[in-house]
Amino acid sequence: MQPSEAVKAYYDTRAPEYDEWYLGRGIFARRDRPGWHEELAVLCAAISSLPPVRTLDVACGTGFLTRHLQGQVTALDQSEQMLAIAAERLPEATLVQGDALELPFEDDSFDRVFTGHFYGHLSGEERAAFLSEARRLAAELVVVDSAVRPDHEREEWQTRVLNDGSRHRVYKRYFDADQLAVELGGGTVLYAGDWFVMVTTGEQVATSR
Ligand SMILES: C[S@@+](CC[C@H](N)C(=O)[O-])C[C@H]1O[C@@H](n2cnc3c(N)ncnc32)[C@H](O)[C@@H]1O
């Protein structure tokens, strides 16, 4: 199940401007996002405090969150453009171009699969494939994603406009952390903010806001 041409085109085009979303630059400078930067700092600290084990970051993008993972890190993405940026940011990590739904690794190759802002873009069938792959590769899965927002449906199709004016249709979900833990087959909420959630299927100590 390869990512569609539309998904590839969207992320390849978005790669050089992707971090503007995190940093509140470009078109995101005009967005009113109260508490965003403070929460992002807490989220990054929570990622840093995960025990340093062999971790695979699936759909790592530019490596913005990946760089906070401790221990031996492998970072995978389908997009060459995303990986080129991640490579500069993650000199110690192993970078792999591949499909998150057919991961190119042997069973039990890692202790943890980590994924940020990827799970919420998957359809039901894709979710099942990803979760099966994550379980095959590691005992623990950590999912970071967007929290439920008052101005968004929990599940919606969005039209995203990039800096070059291109328009892209993107499927996106917003999560209640406790419900995400249940959906993942049982887990612990590590972070539940107004903007981000982080859930592990392993045993960890939650970070307070
Ligand atoms: C919203 S970005 C998230 C990037 C990063 N993990 C973060 O939290 O900022 C989604 C990423 O998923 C990647 N992606 C989408 N479908 C994929 C697939 N089937 N296999 C691997 N990567 C995929 C895209 O190239 C993109 O880098």
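Contact here means heavy atoms within 4.5 Å. Helices (H or I, at least four residues) and strands (E, at least two) are DSSP runs, numbered from the N terminus. This is a predicted model, in which local features need pLDDT of at least 70, side-chain atom pairs count only at pLDDT 80 or more, and totals for chains, interfaces and linings use all residues. Residues are numbered from 1 along each chain as its sequence is written, and side-chain values use heavy atoms, with hydrogens and water left out.

Helix 3 covers residues 36–48. Its buried residues (under 20% relative accessible area, 1.4 Å probe, protein chains only) are Trp36, Glu39, Leu40, Leu43, Cys44, Ala46 and Ile47. They lie on the same side of helix 3, because they cover an arc (of the directions from the helix axis to the C-beta atoms) of only 160 degrees. These residues pack against helix 2 (19–23), strand 4 (112–116), strand 5 (140–146), strand 8 (188–192) and strand 9 (196–200).

The sheet is open and has seven strands in the order 3-2-1-4-5-9-8, with mixed pairing; two strands pair if DSSP finds at least two bridges between them. Strand 3 (94–97) and strand 8 stand at the edges with a single partner strand each, so one side of each has no neighbour in the sheet.

Strand 4 and strand 5 are joined by five bridges in the parallel sense. Phe114 has Val142 in strand 5 as its bridge partner. Helix 3 packs on the sheet, touching strand 4, strand 5, strand 8 and strand 9. Helix 4 (residues 80–89) also packs on the sheet, where it touches strand 2 (73–77) and strand 3.

Definitions and conventions
Expected span 1.5 Å × (residues − 1). Buried < 20%, exposed > 50% of the residue type's maximum accessible area, 1.4 Å probe, protein only. Axes fitted to C-alpha atoms, helices over the stretch in contact; angles between N-to-C directions.
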